[in-house]
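Hello,

I am passing on the structure we spoke of. Please have a look at it first; my notes follow below.

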Amino acid sequence: MKSYSLPLVVTLALLVWSVAGLAQDVERSEVYPVNGIFVSYDEADHEIVVIHEEVPQVMRAMRMMLRLPEGEPAPQFTHGDKIRFGMQRRAVQGHQWFAMDLEPLPEETALVLPEKALEREGLK
Ligand SMILES: [Cu+2]
């Protein structure tokens, strides 16, 4: 019977474990807290459009469409409301970004948002 060295077995086990860990990370990223402005809600696709601030290390400030998870209630915001939400990348039909736990922000909250996107939405 062939015997395997312990270091080899440990190395292989660690390799399998880390690859599984990476796959898990792709499946669902951490939830990043984001501030922005609510633009619109598409009921048929359960998606929102927002203009959000930069998410450090993750995404620049931009106008963006995000899916809402199943079970997330239809947002009650109107065009131009300042909001806060969690942003998460999930591996669903490719990689897609989801928004969850939408909350209102006080109207006086200062946001750093791209001028072009604000102009495009008539918010400037
Ligand atoms: Cu974005």
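Is Gly36 buried or exposed? This is a predicted model, and in it Gly36 is buried, because 27 other C-beta atoms lie within 10 Å and 20 or more are enough to count as buried. The residue belongs to strand 1. Beyond its neighbours within four places in sequence, Gly36 is in contact with Val50, Ile51, His52, Glu53, Ile83 and Leu111.

Next, the nonpolar core. The largest one has 17 residues, and Val50 and Ala99 have the most contacts inside it. At least two residues of this core come from each of strand 1 (32-42), strand 2 (47-52), strand 4 (82-91) and strand 5 (95-104). Strand 1 gives the largest share, four residues. Setting aside residues up to four places away in sequence, Val50 touches Gly36, Ile37, Phe38, Val39, Met64 and Leu66.

Last, the strand pairing. Six bridges join strand 1 and strand 2 in the antiparallel sense, and one of the bridge partners is Glu47 in strand 2, which faces Asp42. The hairpin of these two strands has four residues between the strands, and in it His46 takes a positive phi near 55°. Strand 2 also pairs with strand 3 (residues 62-67), again antiparallel and over six bridges. There, Met64 in strand 3 is the bridge partner of Val50.

Regards

Conventions:
Residues numbered from 1 in each chain as written. Predicted model: local features only at pLDDT ≥ 70, side-chain atom pairs only at ≥ 80, totals over all residues. Core = buried A, V, L, I, M, F, W, Y, C linked by C-beta atoms within 7 Å. Buried ≥ 20, exposed ≤ 12 C-beta atoms within 10 Å, placed from the backbone. Contact = placed C-beta atoms within 7 Å. Pairing = 2+ DSSP bridges.
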